[in-house]
Amino acid sequence: MSLKKVDRLPLNQKVLLSLPEAAAYTGLGINALETLAKKPENHIVLYVGCKRMFKRELLENYLLKTDRI
């Protein structure tokens, strides 16, 4: 088995999404997601080093509950 070959999961099956993936998945702009990530009460973002990862299920639930960001 080669380490170079990586099977890609669809975005709806991933647990964590990067900023560009979250933008593609939700249809929101990167700036809107960055603003959302800065709100500490949401707990939607997990930092891996300096990389911001969005918790997909929490992001979905937040967007379903709110009508604006």
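How far apart are the closest N and O atoms in the salt bridge that Arg 56 forms with Glu 60? They are 3.1 Å apart. The legends below describe close-up views of a predicted model.

**View 1. Arg 56 forms a salt bridge with Glu 60 within helix H3.** Both residues belong to this helix. They are four residues apart, about one turn of the helix. Arg 56 also forms a salt bridge with Glu 57. There the closest N and O atoms are 3.9 Å apart. Shared partners join Arg 56, Glu 57 and Glu 60 into one network of salt bridges. How exposed is each member? Arg 56 counts as buried because its relative accessibility is 10%, and the cut-off for buried is under 20%. Glu 60 has a relative accessible area of 27%, so it is partly exposed. Glu 57, at 52%, is exposed.

**View 2. A salt bridge connects Arg 52 with Glu 34.** The closest N and O atoms of this pair are 3.8 Å apart. Arg 52 sits in strand E3 and Glu 34 in helix H2. The two residues are 18 apart, and their pairing links distant parts of the chain. Arg 52 is partly exposed, with a relative accessible area of 23%. Glu 34 is partly exposed as well, at 26%. The count of salt bridges in the model comes to four.

**View 3. Three strands form an open, antiparallel sheet.** The strand order is E1-E3-E2. Strand E1 covers residues 16-17 and strand E2 covers residues 45-48. These are the edge strands, and each pairs on one side only. Helix H3 packs on the sheet, where it touches E1 and E3. The direction of H3 makes about 60° with that of E3.

**View 4. E2 and E3 form a hairpin.** Strand E3 spans residues 51-55. Four bridges join E2 to E3, and the two strands run antiparallel. Leu 46 has Met 53 in E3 as its bridge partner. Val 48 stands opposite Lys 51 in E3. Two residues lie between the strands. Gly 49, in the turn, has a positive phi of about 70°.

**View 5. The largest nonpolar core holds 12 residues.**

**View 6. Asn 42 lies in the loop between H2 and E2.** Is Asn 42 buried or exposed? Its relative accessibility is 16%, so Asn 42 counts as buried. Leaving aside neighbours within four places in sequence, Asn 42 is in contact with Leu 36 and Tyr 62.

Conventions:
Residues are numbered from 1 along each chain as its sequence is written. This is a predicted model: local features need pLDDT of at least 70, side-chain atom pairs count only at pLDDT 80 or more; totals for chains, interfaces and linings use all residues. Side-chain values use heavy atoms; hydrogens and water are left out. A nonpolar core is a set of buried Ala, Val, Leu, Ile, Met, Phe, Trp, Tyr and Cys residues joined through side-chain atoms within 4.5 Å. Buried means under 20% relative accessible area, exposed over 50%, partly exposed in between (1.4 Å probe, protein chains only). Two strands pair if DSSP finds at least two bridges between them. Contact means heavy atoms within 4.5 Å. Axes are lines fitted to C-alpha atoms, for helices over the stretch in contact, and angles run from 0 to 180 degrees between N-to-C directions. A salt bridge is a side-chain nitrogen of Lys or Arg within 4 Å of a carboxyl oxygen of Asp or Glu.
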